[in-house]
Amino acid sequence: MTLPGSPYLAYKGADLYMDDISLRDLVRQHGSPLYVYSRKAMLAALAPYQRALKGRQHLVCYAVKANSNLAVLQTFAQAGCGFDIVSAGELARVLAAGGDAGKVVFSGVGKTRAEMKLAIETGVRCFNVESTAELEVLSEVAAGLGQRARVSLRVNPDVDAGTHPYISTGLKGNKFGVAHELAVNTYKRAAALPGIEVVGIDCHIGSQITEVSPYLDALDRVLDLVEAIEAGGVRIHHLDLGGGLGITYTDETPPGADELIAQLLAKIDARGHGHRELVFEPGRSLVGNAGVLLTEVMYLKPGEKKNFCIVDAAMNDLMRPALYEAYMGIVNTQQRDDAAQTWDVVGPVCESGDWLGRDRQLSVQAGDVLAVLSAGAYGMTMASNYNTRGRAAELMVDGDQVWVVREREAVADLFKLEKLLPA
Ligand code: LLP
């Protein structure tokens, strides 16, 4: 069986390993549930981006929201990446991890004045602005600091990324970006504002995209705009084509980053835009398959209609199944010889939506450790304390080395900001 995440995730004999480390041993030492990431797998996922863009002026800005652990950010900072952020909190993380503010792009539809001020003072490379209203506020904030904010407008190319409605962002009905037909005038407005310096154009059409064609369609629409904008006298330096490249959770076959970029470059060159700097904002494709969520089986509860495998991780640890009905692979970290049965893998939270996998073929016993695969992206970053459950610990492995990169949250941490009323 080839697992998503292989070769960094593979069985050696009956035991599942990440790099050179037995995952079952990690749970024995560090408890459950536990997120584990492979640094090698992250760097291997970055390599095709860097390879495909070699010789071009470019910047790969890792999308922090996918996995914002400081050690993950440090890994990408050391590999030369910039960062795509959506809050002052993410900016603080990037700086704490040794990232370079000059390589940060600041995305998001609702930046506050305080966030804008901080980002300008810190020297972020570019704001991806999503509306005229935001543009005017940003200009005011920058002018107040005696500066001009570097800006690219996020345009909405109105293409269907063919993905889940909650993670599709490039359609007219989405809240994101400046509508295609308004873009030229919005650029004119931007260029006229005292606190704004136009530097680029940006689009991001969605996430978990498994085909090249929506990207090519969006690129055509963006290049049409660039030509119209420049004809109107506003110069565009860089093209930011967003993130969104999908990964394999089950049987998806997304293109490799190098294949996607090769096709984009061919179009960019054919249309005479080869001189422009290129920016990408990948999140999931850099970290998704580099991580697993390990969880111990507590109880087996066979039933008339369903068999439930009750584990100690829940929707608060990994929200994707509950929120998007997302499929995440689940395997036993110790392969058993006995026949597999069909199980719903569920957590202890008091909601029927608290499931991690449905109708899974597993050979499993209480005390086993299951691995939820492809959990490196949008796992821990979307975790909550629902049901007053502390969030899981996070580990990073590299070869035979293991580091605790986030301690398990203690119960006392969970209400330390709360106060009783006066007696
Ligand atoms: N750039 C912008 C402006 C974004 O909004 C996003 C993701 C990215 C880059 C990175 O996209 P990626 O390469 O990771 O697809 N929680 C959802 C995914 C939400 C994505 C939001 N935006 C999930 O678990 O599937």
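A: First, a polar contact here is a pair of N or O atoms within 3.5 Å; within protein, one must be able to donate a hydrogen and the other to accept it, and residues adjacent in sequence count only if both atoms are side-chain atoms. Keep in mind that this is a predicted model, where local features need pLDDT of at least 70 and side-chain atom pairs count only at pLDDT 80 or more, while totals for chains, interfaces and linings use all residues. Residues are numbered from 1 along each chain as its sequence is written, and side-chain values use heavy atoms, with hydrogens and water left out.

Now the site. A polar backbone atom of Gly-283 sits 2.8 Å from an oxygen atom of the ligand, and a polar backbone atom of Arg-284 is likewise 2.8 Å from a ligand oxygen. On its own the ligand exposes 580 Å², and the protein buries 92% of that (Shrake-Rupley areas, 1.4 Å probe; for residues, only the protein chains shown count as cover). Asp-84 uses its side chain: a polar atom there lies 3.4 Å from a ligand nitrogen. There are 18 residues around the ligand, and Ser-207, Glu-281, Arg-320, Tyr-324 and Tyr-378 come nearest (near means a heavy atom within 4 Å).

As for the domains, the assignment, automatic or from a database, gives domain 1 as 9-38 + 288-414 and domain 2 as 107-282. Their C-alpha centres lie 36 Å apart.
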